[in-house]
Amino acid sequence: MNDIWVEKYRPKNLDEVVGQAEAVKRLKAYAQGGSLPHLMFAGPAGTGKTTCAIALARQLFGENWRNNFHELNASDERGIDIVRGKIKDFARTAPFGKVPFKVIFLDEADALTSDAQAALRRTMERYTATCRFVLSCNYSSKIIEPIQSRCAVFRFRPLEDAEVISYLKKIAEAEKLKVSESAYDIIAYHAMGDLRRATNSLQAAAAMAKSIDDDVVHKTSALARPEEIAAMVKEAVAGNFSGARGKLDKLLIDLGLSGEDILKQLHREVLEGDINISEEDRIRIIERLGEVEYRLIQGGSDRIQLESLLAWIASARVKRTA
Ligand SMILES: Nc1ncnc2c1ncn2[C@@H]1O[C@H](COP(=O)(O)OP(=O)(O)OP(=O)(O)O)[C@@H](O)[C@H]1O
Ligand SMILES: [Mg+2]
């Protein structure tokens, strides 16, 4: 029970990777051929970028994969020094054993400054005979063009809810947990395709109970139920500001949610939930959400910004139906 499940259940080889069929197929071909260009893995958190890099290294290098695989996190040190120092030191030492090259996995490469990226580009060229880079990033557009063009680019997608759930079911079986279908649904809903988040939610729930239903998930995840968010919006849409405000209080105070968490869920409920509004109103609310998000990021108060949003929805509705 002390293990961290995201490590314990991290796939060891490419066949165990969930989804990402296209990426896995191409990576397997490299593993079989024993050769590799520089790679770039782009995609959201918890979708298998690090997992695939390690699995690829295991398949390329076998048991002693650790000798030829170096993992660095660019966001710890974002400047040019990391490229001139650590990265270069790794790159210029000879590979171990029979393989002609080693692999440097650079996590969060998009956190590197553009000067550091320029230096990285030169390092990639200079040590290309003995070293392959696998760059991991959330957005490929944040990587300078000359690096992008030197890499084979792989896009990692958020996993489907069904894929998330079947992955969780395997963990639950191994851990001998009883989990209700609605608990799986709610974990997948909140994970939004991020398997790390999904696995962590399941582990947090399992720490509280062996038999997990949606109530346990809610108590351990500090997130609102979709219905709670929808109910708040519905009150506002009906013109009932104080009702909506009461529901907001519950989310902010009782559940301790942040303004940004609430806003993200609001966005999703307005787009996908069963709130009965016209397409025109939906568009207006979504537009407004963008403004409120910006103000929150700029340091606006959670309560004041969200109340102003609810007030806006409530009063706009009153005006138009009056
Ligand atoms: N496609 C996948 N198949 C199987 N397990 C996965 C997959 N994606 C993520 N996981 C699980 O989630 C955990 C986190 O995945 P991983 O470290 O590969 O994410 P990442 O894409 O590198 O994310 P980040 O951008 O945050 O570094 C893994 O330990 C693994 O258990
Ligand atoms: Mg990673």
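The structure is a predicted model, in which local features need pLDDT of at least 70, side-chain atom pairs count only at pLDDT 80 or more, and totals for chains, interfaces and linings use all residues. Residues are numbered from 1 along each chain as its sequence is written, while chains are lettered from A and ligands numbered from 1 in the order in which they are written.

**Overall layout**

- The protein chain has 16 helices and seven strands; these are DSSP runs numbered from the N terminus, with helices being H or I of at least four residues and strands being E of at least two.
- The C-alpha trace spans about 75 × 50 × 30 Å along its principal axes.
- Three domains divide the chain: domain 1 (5-155), domain 2 (161-221) and domain 3 (226-321). Their bounds come from an automatic or database domain assignment.
- Between the C-alpha centres of domain 2 and domain 3 there are 27 Å.

- The largest nonpolar core has 43 residues. Such a core is a set of buried Ala, Val, Leu, Ile, Met, Phe, Trp, Tyr and Cys residues joined through C-beta atoms within 7 Å.
- Met40, Phe41, Cys52 and Leu135 have the most contacts inside this core, and α3 gives the largest share of its residues, eight.
- Cys52 touches Leu14, Val17, Ala23, Leu27 and Phe41, leaving aside residues up to four places away in sequence. Contact here requires C-beta atoms, placed from the backbone, within 7 Å.
- A second, separate core holds 22 residues, including Ala230, Val233, Val270 and Leu310.

**Around ligand 1**

- Ligand 1 is surrounded by 19 residues, of which Ala45, Gly48, Lys49, Thr50 and Thr51 are the closest. A residue is near the ligand if its C-beta atom, placed from the backbone, lies within 6 Å of it.
- Both α3 (49-61) and α10 (195-208) supply at least two residues of this shell.
- Domain 1 and domain 2 each contribute at least three.
- Seven shell residues are nonpolar, eight polar and four charged. Nonpolar covers Ala, Val, Leu, Ile, Met, Phe, Trp, Tyr, Cys and Pro, charged covers Asp, Glu, Lys and Arg, and the others, Gly among them, are polar.

Key
Buried ≥ 20, exposed ≤ 12 C-beta atoms within 10 Å, placed from the backbone. Contact = placed C-beta atoms within 7 Å.
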